[in-house]
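Thanks for coming, everyone. Let me put the structure up, and then we will walk through it piece by piece.

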Amino acid sequence: MKVSLVLPIAYFSRVKKPPIPSVEFRGVSKTFGSTRAVASLSLEVAPGEFFSLLGPSGCGKTTTLRLLAGLEEPDRDGGAILIDGAPVTDLRPYERDLSMVFQHYALFPHLSVARNVAFGLEQRSVPAAERTTRVRDALALVRLNPEQFGNRMPSELSGGQRQRVALARALVIEPSILLLDEPLGAIDLKLRKQMQLELKALKRTLGITFIYVTHDQEEALTLSDRIAVMDHGEVVQIGGPAEIYESPRSAFVAEFIGESNFLSGTALREQDGLWTIGRDDLEFRIPAQPGIATGSSVTVAVRPEWLRVCAPGQTPGNANMIPATVREVVYLGETLQVVAEVTATGKAMRVTVPNEGQLKNPIAWKTGDEIVLTWLPGDSQVLEENWS
Amino acid sequence: MRSTRQRRILARIVSKPSTLLAPAGIWLIVFFVVPLGVMMVYSFMPRGVYGGVDSGFTLEHYRRFLDPLYLSILLRTTLMAAGCTTICLALGYPVAYAISRARRWKHVLLLLVIMPFWTSFLVRTFAMIFLMRDTGLINSVLMRLGLITEPIVMLYTPFAVMAGLVYTFLPFMILPIYASLERLPTSFLEAAEVLGAKPSARFRRIIFPLSLPGVVAGSLLVFVPALGSFIPSDLLGGAKQMLIGNLVQNQFGAARNWPFGSAASFVVMAVVLLGVMAYLRSGRGELATSLRDIG
């Protein structure tokens, strides 16, 4: 009896323990009426990670965040949510070691900046002297001068300043997890870019877990260590920004994050580690993948910036080639976009071309030109969902 | 057919603030400011032998009001109105809060609040007599149940007047408080909860301060008309419970002393003005900012 008790303990103590995730969702579901907002969602967030929930409106990302905050309850039998390894499903929001920045800041309009920031400390009965210091430090952390802003009312602040106050108010209680619900949604582009960098720096300074909800794919790519792309209440892909962008698993991810051109066809033959996919006079090659067999229907995504525009007869060897006609050349500033109509299918494909200066060195293509679109087989993103 | 230009000019004139204010403004000048001026003048004129006024100037009516008899009526009226406001606030705030939180029944509940206005105020006050008199519904039910042997005297007591006043003015307290609670974004409460505020703290620190504009509006809407009301005290209070409204009504009616009635009215107005100013001043800090930010 004794042996059987001791042995497993000895066994487990020798195995290297995986770090306890800061946040864990185990099959969490949430239904509003007849709408399934979150459908048996599972994910883990490592301590100190900047984790983004990304998706279109209505995908369940905000509900996921609110479930974590305790502002929504999961369905009955709707799974478990753990913070630092302990289940929190039955805990009130203030019993969870987290804090939150709300979408429209939700600053208390009748309290000054300093009293807004002090609110969480007052609720925790922090002595007045310590409160003053901590409010001061929190405001300084978000780069607001406490002397200048402490006595102002929220209505006297600009959008960016309100954003900073909301951050200070959330951070002053020193949570181990900070939830942010589209915090930069209401401020203009330039300031948003700056705030993104500041958030990143803040996260580095504090070393706490950030969970960030956004519908802005660029923002998610800029900020995150990892991104969970959500659609219809489910996580469709989790990965680092490069993985999500360069290896999307589904057409939804490829299309939602950045732009993509989609091509589909039937797997015809395999040769030298490349599969040839074909349909209607159109053939291209992709790297061999497990799961593809002759006759499989395959869809690939190709990013506009990985395509090249070539004159017919001047195509590089080894590349996939698709004859097309230039429909339009769009000037975007930093880049140009060539919209071309694929001869075989009549569908449009977009190619991003670096702008080398249209005044001095204009692009060679104009509407109606016959061209060939080329890309390397290795740059095809094979979408998993279409394997059959 | 008007040209586009003419129509544009017309639209500009119509949408001017002064144009929009004019109809109601004229109405108020004719039916409020002018009569008020007439009363003001009357209150300083000697009483006419057969009603009305005689020419001349006198402060007699105001001096007469300083009589302890009238001052006690004024004091009783003020206390009654203040008590009515307090009771309406105590009864009305929870109702307003519940309605603002209700989902499916919200409109039904609001309808119930304003439903008393569908019948005449006078009829409703008479109905209260039938409820409260010695042989009324309340007493007969209690006696039938054997809970009491003698009827409880309710009618023609201060209690009856207060019950009538509260019943009459309660909706005016509920509606503005409801309006201010309804506007309160739930994200404020959620933010407070995440920051550690338990339900009582959320009410004290967020909900109540942000509903103060509604509380102020409701209190004024109850206090001011309660101060001038005369029907509840007349029908439910009997002669012993005379309020200033009854006094004024009496002077313009049976007593035919228009100048004294006018003077009494101005005294009431002065009390209202001073009371409102003191009230608004008392809660300045948080109240002023609440008014500015959410009102």
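Chain A comes in two parts: domain 1 covers 23-254, and domain 2 covers 259-386. Keep in mind that this is a predicted model. How far apart are the C-alpha centres of these two domains of chain A? They lie 39 Å apart. The contact between them involves six residues of domain 1 of chain A and eight residues of domain 2 of chain A. On the domain 1 side of chain A, the residues that touch domain 2 are three nonpolar, two polar and one charged.

Now a helix pair in chain A. Helix H3 of chain A spans residues 113-123, and helix H4 of chain A spans residues 128-141. Their axes are 9 Å apart, and the packing angle is about 125 degrees. Is that roughly perpendicular or oblique? Roughly perpendicular ends at 115 degrees, and roughly antiparallel needs an angle over 145, so H3(A) is oblique to H4(A). The crossing of H3(A) and H4(A) is right-handed. H3(A) brings Ala114(A), Val117(A), Ala118(A), Leu121(A) and Glu122(A) to the contact. From H4(A) come Arg131(A), Arg134(A), Val135(A), Ala138(A) and Leu139(A). By class, the contact of H3(A) with H4(A) counts seven nonpolar residues, three charged and no polar.

On to the strands of chain A. Start with strand E11, residues 261-271 of chain A, which has strand E14, residues 297-302 of chain A, as an antiparallel partner through six bridges. Within that pairing, Ser264(A) has Thr299(A) of E14(A) as its bridge partner. E11(A) is also joined, again antiparallel, to strand E12, residues 274-279 of chain A, by five bridges. There, Glu270(A) sits opposite Trp275(A) of E12(A). E11(A) and E12(A) make a hairpin, with two residues between the strands. Look at Asp272(A) in the turn: its phi is positive, about 50 degrees.

Next, an open sheet in chain A. What is the order of its five strands? Read across, it goes E15-E19-E16-E17-E18 in chain A, with antiparallel pairing. Strand E15 (308-310) and strand E18 (348-354) of chain A are the edges, each pairing on one side only. From one strand to the next, the twist averages 45 degrees. Inside that order, strand E16 (residues 320-331) and strand E17 (residues 335-342) of chain A are antiparallel and share seven bridges. Glu328(A) faces Val339(A) of E17(A) across the pairing.

Over to chain B. Helix H4 of chain B runs over residues 68-101, and its axis comes within 9 Å of the axis of H10(B). The two cross at roughly 145 degrees. H4(B) passes H10(B) in a right-handed crossing.

Last stop: where the chains meet. Chain B gives 20 residues to the contact, and chain A gives 19 residues. Which helices of chain B each supply at least two residues of its side? They are helix H9 (186-194), helix H10 (199-228) and helix H14 (284-294) of chain B. The chain B side that touches chain A splits into eleven nonpolar, four polar and five charged residues.

That is the tour. I'm happy to take questions.

Definitions and conventions
Residues numbered from 1 in each chain as written. Chains lettered and ligands numbered in written order. Predicted model: local features only at pLDDT ≥ 70, side-chain atom pairs only at ≥ 80, totals over all residues. Pairing = 2+ DSSP bridges. Helix = DSSP H or I, 4+ residues; strand = E, 2+ residues; numbered from the N terminus. Domains from an automatic or database assignment. Contact = placed C-beta atoms within 7 Å. Nonpolar A, V, L, I, M, F, W, Y, C, P; charged D, E, K, R; others polar. Axes fitted to C-alpha atoms, helices over the stretch in contact; angles between N-to-C directions. Parallel < 35°, antiparallel > 145°, perpendicular 65-115°, else oblique. Left-handed = near helix turned anticlockwise from the far one by under 90°.
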